[in-house]
Amino acid sequence: MRYSSGMRQRARSAEDKARRADDLLQAAEAVALERGGVRYVTLAEVTERAGLHRTGVRRYYSKKEDLLLELAERGWGQWRDAVADELGDRTGLTPAQTAAVVSSTLIGLPVFCDLLTHVPLHLEGDVDIERARRYKTNATAAHDAIATALDRASALAAGQVVSLLAAAVVLSAGLWQVSHPTPTLAKLYEEVPDWGHAALDFAPRLTTLLTACATGLAAGPG
């Protein structure tokens, strides 16, 4: 088969294949950002962005759900690294400062926040068990690394840190969806502004709620 001049040749080495797989992930993230959510990502557009033939994606990801789950798995690693970078060698962080680290690092990963809704709803269930196992293993390891880093840097107790992270995952997932309404809802909010009160700004609301959560956890039982 002859490919157009803009189409890449099939990857031959393991390094080439890894690079192509990463290109597909970056393309999927770009489409999600531009279209307003991962629900609008299609394999056709992703492969076109990555410069591959439309059937080429199957050599790297069996279906769209596999690609998006890989993007979510990578997101956990990005969040772990962002928290580590933000903390540096800081210690003795107050509950509010701890919440600020958690919220600011999540705010910097909008596609990951979007995916945190889709993973438990269908992505984990729409892949084979070994792929789901790999996602759980790596996501859990990243979560535990984040919890350990925050426990070292924060005045919050270890259990309180874990509770704060649980709240962060749920809140960032839910608030992202609410603050990025579908075109139908966006039109309704324009017609009836009172209905749009739920479409709150994602970043300030997440920060406010996580700060309240961290402060409440610190005031309660350890």
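Mentor: Let us start with Ala173, which is found in helix α7, residues 158-179 (helices are DSSP runs of H or I with at least four residues, numbered from the N terminus). The model is a predicted one, in which local features need pLDDT of at least 70 and side-chain atom pairs pLDDT 80 or more, whereas totals for chains, interfaces and linings use all residues. Residues are numbered from 1 along each chain as its sequence is written, and side-chain values use heavy atoms, without hydrogens or water. Ala173 counts as buried because its relative accessibility is 7% (buried means under 20%, with a 1.4 Å probe and protein chains only). Leaving aside residues up to four places away in sequence, Ala173 touches Cys113, Leu116 and Thr117 (heavy atoms within 4.5 Å). Asp114 lies 59 residues from Ala173 along the chain, yet their C-alpha atoms are separated by 5.9 Å.

One of these partners, Leu116, also belongs to the lining of the largest pocket, together with Trp76, Val119, Pro120, Glu124, Tyr135, Lys136, Ala139, Thr140, His143 and Val169 (a pocket is an open set of 1 Å grid points where a 1.4 Å probe fits, with protein on both sides within 12 Å along at least five of seven lines, and lining residues have an atom within 4 Å of a point). The elements that give two or more residues to this lining are α5, residues 110-123, and α6, residues 129-153, and it is α6 that gives the most, with five residues.

Notes
Buried < 20%, exposed > 50% of the residue type's maximum accessible area, 1.4 Å probe, protein only.
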